[in-house]
Amino acid sequence: MQKRKTLTRIRQLGLLAVLRGPSADLTVDMVRALVDGGVHGIEITYSTPDAAAVVQRLAGEFGDQILLGMGTLTLPQQAAEARDAGALFLVSPHCEADLGQAMVATGLATMIGAMTPTEVQAAYRLGADIVKIFPGSFVGPGYLKSLRGPFPDIPLMPTGGVNPTNVKEWFSAGAVAVAAGSELCPGEWAKQGRFDDIRERAKEFCRAVEEARAGK
């Protein structure tokens, strides 16, 4: 039931912020700025210092206000650790059988990374609820649209290469949601204390997603 709610909310939000924070404390501050700007889908990557502990802090501070997950999973044991930390969804950058199986076994919403048609099919067969097209910056919306032809029933979400000016193209190509990292929340901005800028960028992204999905 929780997994179904998570997947429904991902589609409703349409946008996930992918955070590779420079430190644990700055990552929490980044999330606060994003939430102030209207972004409520938060993915904390394992490349963030003390990532699991950060997720625990965020789960305690924000609760149901945000949809919280963990990304950049590269080791099978990280799946259970992320679940125990409070993650509601899991994301990997690549398709690997042992890792994918461990992610699916948690019972959480699972997004497995893929690029080629072969990888997309393999990720879906492993049990991915959504296949993450990564890096999206390398292929663009046209590639995702092409994948929709042979795989019309596989939910696809691009990560990387997503910005306010092309969000509409990604949704028009058939994305169920989009994920953005440095285009949305640069780690350098956090180091510089530019949290007002992060909040304003979040607002810009949210407007772009809303307009894209409204057909404007």
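1. Strand 5 (residues 109-114) and strand 6 (residues 130-133) are joined by four bridges and run parallel. Across this pairing, Met 111 has Ile 130 of strand 6 as its bridge partner. The model is a predicted one.

2. These strands belong to an open sheet of eight strands, paired in parallel and ordered 7-6-5-4-3-2-1-8. Strand 7 (156-158) and strand 8 (178-180) form the edges, each pairing on one side only. From one strand to the next, the twist averages 25 degrees.

3. Helix 8 (residues 141-148) lies across strand 6 and strand 7. Relative to strand 7, helix 8 runs at about 170 degrees.

4. The largest nonpolar core contains 63 residues. Leu 19, Leu 34, Ile 42, Ile 44, Leu 58, Val 120 and Val 131 have the most contacts inside that core. Another core, of 14 residues, lies apart from the largest one; Leu 7, Ala 109, Met 157 and Ala 179 are among its members.5. Thr 159 sits in the loop between strand 7 and helix 9 (167-173). Is Thr 159 buried or exposed? Thr 159 counts as buried because its relative accessibility is 7%, and buried means under 20%. Not counting residues up to four places away in sequence, Thr 159 touches Val 18, Lys 132, Ile 133, Phe 134, Pro 135, Gly 136 and Ala 179.

Key. Residues numbered from 1 in each chain as written. Predicted model: local features only at pLDDT ≥ 70, side-chain atom pairs only at ≥ 80, totals over all residues. Heavy atoms only, no water. Pairing = 2+ DSSP bridges. Helix = DSSP H or I, 4+ residues; strand = E, 2+ residues; numbered from the N terminus. Axes fitted to C-alpha atoms, helices over the stretch in contact; angles between N-to-C directions. Contact = heavy atoms within 4.5 Å. Core = buried A, V, L, I, M, F, W, Y, C linked by side-chain atoms within 4.5 Å. Buried < 20%, exposed > 50% of the residue type's maximum accessible area, 1.4 Å probe, protein only.
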